[in-house]
Amino acid sequence: MSLQKFLATLDTLESEATGAFDAAADADALEANRVRYLGQKSGALKEVQQQMGSIDKVDRPTAGKRLNQFKSSLQAAFDASKERLGGGEDSSFDPTFDPTLPGTRPRVGHVHPITQTISHLMEIMGRMGFEAAEGPEVEDPWHNFVALNIPQDHPARDPLDNFYLATAATNSDDQGGDGSQLLRSQTSTVQIRVMAQNPPPIRIISLGRVYRPDDPDATHFPMFHQMEGLLVDEHVTMANLKTVLRVFATNYLGGDVPIRFRPSFFPFTEPSVEVDFFWNDNWVEFGGAGMVDPAVFEAVGYDPEKVSGFAFGLGVERLCMRRHGVTDIRDLYSGDLRFLRQF
Ligand code: DAH
């Protein structure tokens with residue numbers, strides 16, 4: 001038999017057989033077609049395999065290659081037909097399922113913009129050697145106020161400015177406290193916790209939630225986040241503070257971000273400053289800072305004659321919002337996916 005004729009036979013047979021498999025209406029018709037085309041004894045496949053013998057030797061590789069394709073094509077048509085008729089391995093075959101329709105994409109969630117910001121801040125500060133420290137959100141007045149040099153009659157302790165809790169403090173390190181508890185109003189509490197547990201030198205940041213009973217508006221929310229920083233060692237100066245904050249601002253906001261200190265007052269630092277970054281042609285306030293007050297060192301058992309240190313507290317929402325152009329803090333906590341999906 002000539003090669004041309006052999007190939008032509010295969011073409012005709014292939015379309016006939018695949019058509020027959022596709023058209024098989026039930027298991028019996030499928031079986032009849034299987035015997036006819038793939039049957040071991042006298043099926044069409046067997047027949048053409050035998051015809052190979054009569055092909056010229058030089059043409060055999062070409063013929064053999066085509067024969068293999070023919071065989072897989074018939075087998076695939078048979079398998080597909082079997083699957084379609086429910087005889088396949090998957091017995092959960094659903095005739096109403098249309099595999100040609102586009103699928104439903106699984107929804108993958110992602111990390112909240114504030115959580116993303118926190119990771120970013122930790123990374124930048126980590127490169128400058130600051131380790132992350134944590135403290136509880138439910139605090140006692142000793143850690144939130146007393147050890148931070150905020151006396152009993154200080155307005156920051158006003159019940160109207162704090163979330164005092166109805167439960168009594170149970171922690172053993174509430175030194176000389178009155179037994180009350182509150183949601184911490186600042187992450188400066190973590191400075192106290194870290195120093196009370198560890199000797200100097202200290203180089204930590206603490207990122208976490210703080211709570212104040214403010215009415216929500218574009219720039220206020222009763223819960224927000226702060227990044228507290230604390231560095232204690234020998235001979236620490238205000239210049240060190242300014243350098244760290246400038247390197248931080250430049251890394252977080254991009255470009256070279258000049259920073260500015262304005263004189264201020266915090267009970268736990270002396271001197272104290274407000275910290276502004278120069279960003280988008282404006283001076284923007286991001287938080288407070290200063291040199292740790294000797295009274296704070298004394299409260300945690302450090303010798304203020306031997307060590308000095310600086311501390312700072314920056315608003316995490318403010319940093320995140322400025323960087324991403326968010327103008328209303330409430331958007332961050334509305335749970336509105338149209339907003340959140342942008343990050
Ligand atoms: N705790 C201050 C606040 O919540 C911010 C702050 C100011 C933290 C000065 C500091 C600091 O560590 O040194 O307003």
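Modeller: In this predicted model, the side chains of Glu139 and Arg193 are joined by a polar contact of 2.7 Å. Glu139 belongs to strand E2, which covers residues 138-139, and with a relative accessible area of 1% Glu139 is buried, since the cut-off for that term is under 20%. Leaving aside residues up to four places away in sequence, Glu139 touches Asn144, Ser180, Gln181, Leu182, Arg184 and Thr189 as well as Arg193.

From there one can turn to helix H7 (residues 189-197), which lies across strands E5, E6 and E10 and runs at about 40 degrees to E6. These strands are part of an open sheet of seven, ordered E1-E5-E6-E10-E9-E8-E7, in which the pairing is mixed. Strand E1 (131-132) and strand E7 (259-266) stand at the edges of the sheet, and because each has a single partner strand, one side of each is left without a neighbour there. Helix H5 (residues 113-127) also packs on the sheet, where H5 touches E1, E5 (202-211), E6 (223-233) and E10, and the direction of H5 makes about 165 degrees with that of E5.

Within the sheet, strand E9 (residues 282-292) and strand E10 (residues 308-315) run antiparallel and are joined by five bridges, and Gly288 stands opposite Gly313 in E10.

How values were computed:
Residues numbered from 1 in each chain as written. Predicted model: local features only at pLDDT ≥ 70, side-chain atom pairs only at ≥ 80, totals over all residues. Heavy atoms only, no water. Helix = DSSP H or I, 4+ residues; strand = E, 2+ residues; numbered from the N terminus. Buried < 20%, exposed > 50% of the residue type's maximum accessible area, 1.4 Å probe, protein only. Polar contact = N/O pair within 3.5 Å; in protein donor to acceptor, adjacent residues only side chain to side chain. Contact = heavy atoms within 4.5 Å. Pairing = 2+ DSSP bridges. Axes fitted to C-alpha atoms, helices over the stretch in contact; angles between N-to-C directions.
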